[in-house]
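Grab a viewer and work through these exercises one at a time. Try each task yourself before you read the solution.

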Amino acid sequence: MYFRQYWQDKRLQYTKELGNISLDGRQADNIWVPDTYFVNDKRSFVHDITVKNRLIRLHYDGTILYGLRITTVASCMMDLQHYPMDEQNCTLEIESYGYTTEDIMYRWEYGDNSIEGTENIDMAQFTLVDYSVQAKVQNFSTGQYPRLSLIFRMRRNISFFILQTFLPSNLIVILSWVAFWINHEATSARVALGKRNLTVPLSCMSLLGHTPFYEETASCLFCSGVHTKFK
């Protein structure tokens, strides 16, 4: 994602005639920047090919645009009572690590319109139903800290569940019956056939778990059935 922050530092004001000035991203180490972090982050990194992906743009009144290209994995507590026909609310929590509300305040620059690109989100297991943003103050023993919340409402794709869990499980059970058609004395043949018949659907389950639903991945299960029929 592209994570952009705006703030004003009057120490960086200059004459209006110069217009906006774009700086090398490495200059972020030489100016003050907010100590923003993702509260429910599990793993994150800033892209650095070919250089660290950072943007700094100055306005004559001291306003600074600081942008980062980030990949983050965030935790989400789910309620699975209605699985696989459930809807989940997941959040991305953004907060200042060391500055309290006496030093800094966070707000969404354009409200709900601060989030862009949601119409292009494509996930295998979920469909994005809606999203909203919040700004609040979080209380800790060390003080009150500003926090921004991005809340996603997602609906699980039942078709993915059928292809990922229900259909492969039934196919494995059906394929296991093939071994009973072989003479009980042909032990090695029964074991080899059973192992081969299980390899393809298990591989499909792994494939479908990491790719969106397309005809190419769905046909993997069909091919495994044809493979078994002609063996």
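Predicted model: local features only at pLDDT ≥ 70, side-chain atom pairs only at ≥ 80, totals over all residues.

## Exercise 1: a loop residue and its distant neighbour

Place Asp48 in the fold, then say how far Arg69 is from it in sequence and in space.

Solution. Start with the location: Asp48 sits in the loop between S4 and S5. Strands here, like helices, are DSSP runs numbered from the N terminus (E, at least two residues, for strands; H or I, at least four, for helices). Next, look at the cover: with a relative accessible area of 45%, Asp48 is partly exposed. The scale runs from buried (under 20%) through partly exposed to exposed (over 50%), using a 1.4 Å probe and protein chains only.

Residues are numbered from 1 along each chain as its sequence is written, and side-chain values use heavy atoms, with hydrogens and water left out.

## Exercise 2: the overall layout

Describe the order of helices and strands in the protein, then its burial and its contacts.

Solution. Count first: there are 9 strands and 3 helices. Then read along the sequence, and you get β-β-β-β-β-β-β-β-β-α-α-α. For burial, 32% of the 231 residues count as buried. For contacts (heavy atoms within 4.5 Å), take those between residues at least 6 apart in sequence: 71% of them join residues at least 24 apart. Finish with the surface: the protein exposes about 15500 Å², and carbon and sulfur atoms supply 56% of that. These areas come from the Shrake-Rupley method with a 1.4 Å probe.

## Exercise 3: aromatic pairs

How many aromatic pairs does the whole structure have, and which parts of the chain does the pair of Trp7 and Tyr66 tie together?

Solution. The search finds 6 aromatic pairs. To pair, rings of Phe, Tyr and Trp (its six-membered ring) need centres within 6.5 Å; planes under 30 degrees apart are stacked, over 60 edge-to-face, and the rest tilted. Trp7 and Tyr66 are edge-to-face, at 6.1 Å centre to centre with 80° between the planes. Trp7 is in strand S1 (residues 2–8) and Tyr66 in strand S6 (residues 63–74), so this pair ties together parts 59 residues apart in sequence.

Tyr37 is in strand S3 (residues 36–38) and Tyr97 in the loop between strand S7 (87–96) and strand S8 (126–140), 60 residues apart. Tyr37 is partly exposed at 28%, whereas Tyr97 is exposed at 61%. To wrap up, ring pairs link Trp7, Trp32, Tyr66 and Tyr99 into a cluster.

## Exercise 4: a glutamate in a strand

Is Glu95 buried or exposed, and which side chain does it join in a polar contact?

Solution. Glu95 belongs to strand S7. Its relative accessibility is 2%, so Glu95 counts as buried. Its side chain and that of Arg147 make a polar contact of 2.6 Å. That term means a pair of N or O atoms within 3.5 Å; within protein, one must be able to donate a hydrogen and the other to accept it, and residues adjacent in sequence count only if both atoms are side-chain atoms. Leaving out residues up to four places away in sequence, the residues that Glu95 touches include Asp35, Tyr37, Tyr106, Phe140 and Arg147.

## Exercise 5: cis peptide bonds

Where are the cis bonds from Ile49 to Thr50 and between Tyr83 and Pro84?

Solution. Begin with the background: most peptide bonds are trans. From Ile49 to Thr50 the bond is cis, with omega near 0°, and Thr50 lies in the loop between strand S4 (41–46) and strand S5 (54–58). Tyr83 and Pro84 are also joined by a cis bond, with omega about 5°; Pro84 is in the loop between S6 and S7.
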